[in-house]
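My notes follow the structure.

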Amino acid sequence: MYVCSQCGDLLDVERRELWVPDVEELRALWLERLQSRAARDRSGVWRFREFLPFESEDAIVSLGEGNTPLYDAPRSADYCGLSSLQLKHQGNNPTGSFKDTGMTVAVTQALKLGMRLVACASTGNTAASLAAYAARARMLCAILVPEGQVSDAKLAQALDYGAKVLEIEGNFDVCMRVIQELAEQSSLYLVNSINPFRIEGQKTVAFELAEQLEWNVPDHLVVPGGNLGNSSAFGKGFRELLSHGFIRKQPRISVIQADGAAPFARFVENRDSDFVNEKQPHTLATAIKIGAPVSWKKAWRAVRETGGHVIAVSEQEIADAKAMIGRDGVGCEPASATTVAGIRRLVGDDVIDKDEAVVAVLTGHVLKDTDYAIKYHNQTLVAPDAGSGGAIRGTFANSIRRVAAAPCAIDSALRDLQLRFNRES
Ligand code: F0G
């Protein structure tokens, strides 16, 4: 096995190109493993290990990641102008984000290599995830985060899991650049998504999703875009499934960014020009506040090959879409809501037809950024750059009411609420 110098993909010529899997046998085996008690079988990543570059005796570092739900979301569908919409909720992973599906593989590889120090730059979720898996593997874990730009929930996770958190003056791109430079000169093991083992793990979500849909992939798969590892991983996963005969077509993979952090969307819009980083990325969706995405070439391949789209949505669109996902009883963090905002736009622009099958990938749990939700519902959410909109309207705001501690006051408040509820539904 080796890493391709052009694209960074892991290649295993013997296994990948000469190996002809028995499709029906593997589909049955993968389902059967869900009944097993063994950690290797129950993990939604290692369940698909025939497509991972490890030997069966290798020790794995797992927290029971993957096997996440695929929800029907009728309210969000209606909001987008679709007949139906499904949400693949990667926030239902052990540390509350999609990062766990890649981290289990990257930390397993670090263990195999005998690494003692693992590290990453992060807007918060990679940090929380690496911290947890490093703790399981008893490794020292160092995390570089942009000072004052990571939600408390994500920092709290990293601290509880015992990671050493280094706050850097500067944004995520600065953190990424310095840790990459350091990784070239030292023996630390870098697990950002430029690490091909992260992508190997994350690609299994394509397998899991295809299985959940009985091997009929959707017409469109819509993913938020930050550093662009996740869209690259979906591209790789569906490409492998197609080339080995598990599926008959790939979904169109579309990537949605926030207006203030959209170098990929701008690149795709002006196809003939070079990729230009965003020097001062800004968005309240802090997870994707990234101006120099390291995996844009691989993500571009996934979008181009599948005929997908790349667009950017405003802070207002993200906030309203997030509230709507909440109304389906699902919820997510702000970055994940770019998907529903983007789908609404693509339906409005007649790019997605109302009866097509669409899956939005929700990348992070609703509790990852409670400050954002409280402010939205209190109508105090303000976009970071007044130029991009300033105050955000709480279109679907659901504010807290103060009521006197007396049964009659509460009864009157409930009657009022019931009247409104009946009027709205
Ligand atoms: N959604 C969430 C919740 C994220 O945390 C991230 C990235 C993305 C979407 C974008 O995914 O980078 O693969 O395009 N978070 C990284 C981090 C950068 O450090 O946690 P991507």
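**Ligand site**

I find an oxygen atom of the ligand 2.8 Å from a polar backbone atom of Asn 230; I count a polar contact as a pair of N or O atoms within 3.5 Å. The model is predicted, so I take local features at pLDDT of at least 70 and side-chain atom pairs only at pLDDT 80 or more, while totals for chains, interfaces and linings use all residues. Residues are numbered from 1 along each chain as its sequence is written, and side-chain values use heavy atoms, without hydrogens and water.

I also looked up Gly 226, where a polar backbone atom is 2.8 Å from a ligand oxygen. For Ser 122, an N or O atom of the side chain is 2.8 Å from an oxygen of the ligand.

I count 19 residues around the ligand (a heavy atom within 4 Å). Ser 122, Thr 123, Asn 227, Leu 228 and Thr 363 come nearest. I sorted the shell into 6 nonpolar, 11 polar and 2 charged residues, with Gly counted as polar and Asp, Glu, Lys and Arg as charged.

**Largest pocket**

I get about 520 Å³ for the largest pocket, the volume being the space filled by probe spheres set on the grid points. A pocket here is an open set on a 1 Å grid, for a 1.4 Å probe, with protein on both sides within 12 Å along at least five of seven lines; lining residues have an atom within 4 Å of a point. I list 13 lining residues, with Arg 327, Asn 398, Arg 420, Phe 421 and Glu 424 nearest the centre. The lining holds 4 nonpolar, 4 polar and 5 charged residues.

Key:
A polar contact is a pair of N or O atoms within 3.5 Å; within protein, one must be able to donate a hydrogen and the other to accept it, and residues adjacent in sequence count only if both atoms are side-chain atoms.
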